[in-house]
Amino acid sequence: MRAGWLSVYAVNLLEGFIPWITGSTAGLALGGILAGGAALVAYTSLRRRTRARRAEEMRSATLRLKEHLRSRLAEEPAFGGAHSFAPTLGAREAFEGDIDAAAASVLAEAGGRRGKAKQMLRHRLNGNGSRHSLNGSEAVYWRQLGALSLLDSTQDALAAYARAADLSPDDAQLQMLLGVLALRSGRLETAENAFRRQLLLAERTKDEEARYRGTTMLGDVLVAKGAVDEALATYEQAQRTILGLLEPAPQTARWQRDLSMTHDRIGDLLLSKGEAALALESYRASLAVVKTLAEAHPLDADLQRDLSIGYERIAEVLEKQGDLDGALANARDGLAIATSLAERFDKGADWQWDLSVSLDRVGDVLAAKGKGREALGHYAKSLAIAEVLVERSPANVGWQRDLAASYLKTGLLEATDGDEARAREHLEKGRAIIRRLVRIAAHQAQWRADLARFEEALRTVSPA
């Protein structure tokens, strides 16, 4: 609109000069200059609007990729077990940084098409006529390829970050990311070596932040390996390191949050060892830290989620100890926060799943208190959410297993309440899910063979 107005203005201005320059060479020249200037203004304005639109589209696409990344990192790791740790402590932020780098370069060149961007990166890294243009950027390109690949395949991401780490062996952050991906892939020796390398580099550079992060995630590997006592000692060492960091800077929010996570990890292990009183003490220490942070940053969704989970952890221990009133109060506090987050992020599957879990937790305590009807009401709300989410994400085996467990609890309580028809319906639904999961397990060998065929085919299409 602005360019069009300028064009009209230029024409009117030119017409005002025509009476005294009609037919002159100067008049023709001036007319050409004015008309050309107006066209240039219009063209420049159009270019600016186009660039602004494309930049906004890329920002939106990048945010979607990061949300996808968050969901991927929240998935249950390959090693499974009772302790499944998401790669916190800076890993997610580092992966997001690599996505940002890709968005500012190759992804933008590919018009936002992730598959094309990955192919362009492979083309450059394989030296197809452009090796001279890398100028030492191989590790950077491998990181970008790894981040984009992580949205589809942890194994592809692991391979890319391993190459990056080989090229930059003294990059402590790369060792951390390699360790995280190896841990999630069940490659525990690779993960342990990467975290120990991270710790060695941190020792060389006196980087205490890298030291406590590497120590904490080394503890995660030890948990996955079943070395509970060694893992507990490792977490306690990480906690001493972070407390040392907080002495001169007690208000550092990210370190405070990480301190709360070490309390949670220690609490989890203590609870698994049957030391409920000590676990409760650790969980309460974590909750105190997170509560202060959440009050200071009420719009920080991750902190609010930490607070919700903290209340639920305490509720679980109190229920085990027989303090059902205390358990119910804490479970309801957690549910209130989960409800608020689910309303705030009504399109986010992870937030909705958190709400389902919180409803289920309150239902468990109510059932333990003998309030069966009230418990069934919470179970029903939890199931309504979980059923929709599992239908949307059938590949999420962890969600399916949790849904089956909810069907079992609901069915048993309905049978006790005398509603045998509803009990049978829910028990049969739960049984059907477990049967599907058993069939999946029975076909794992064949699926591994099928996966190997796909891997071979991909190597022939775009060798990495």
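In the predicted model, helix α3 (residues 91–103) and helix α6 (residues 138–150) approach one another so that their axes come within 8 Å and cross at roughly 110°. Because angles of 65 to 115 degrees count as roughly perpendicular, α3 is described as roughly perpendicular to α6. The contact is formed on the α3 side by Ala94, Phe95, Asp98, Ile99, Ala101 and Ala102, which meet Arg143, Gln144, Ala147, Leu148 and Leu150 on the α6 side. By class, the residues of this contact of α3 with α6 comprise eight nonpolar, one polar and two charged.

Between the C-alpha atoms of tyrosine 212 and alanine 202, which stand ten residues apart along the chain, the separation is 9.2 Å.

Among the elements of the chain, the highest mean pLDDT, 97, belongs to helix α15 (residues 324–344), whereas the lowest, 39, belongs to helix α1 (residues 2–21). The pLDDT is below 50 over residues 1–23, a stretch that has 13 contacts in the model beyond near neighbours in sequence. Over residues 80–84 the pLDDT is likewise below 50, and this stretch has six contacts beyond near neighbours in sequence.

Conventions. Residues numbered from 1 in each chain as written. Predicted model: local features only at pLDDT ≥ 70, side-chain atom pairs only at ≥ 80, totals over all residues. Heavy atoms only, no water. pLDDT = per-residue confidence, 0-100. Helix = DSSP H or I, 4+ residues; strand = E, 2+ residues; numbered from the N terminus. Contact = heavy atoms within 4.5 Å. Axes fitted to C-alpha atoms, helices over the stretch in contact; angles between N-to-C directions. Parallel < 35°, antiparallel > 145°, perpendicular 65-115°, else oblique. Nonpolar A, V, L, I, M, F, W, Y, C, P; charged D, E, K, R; others polar.
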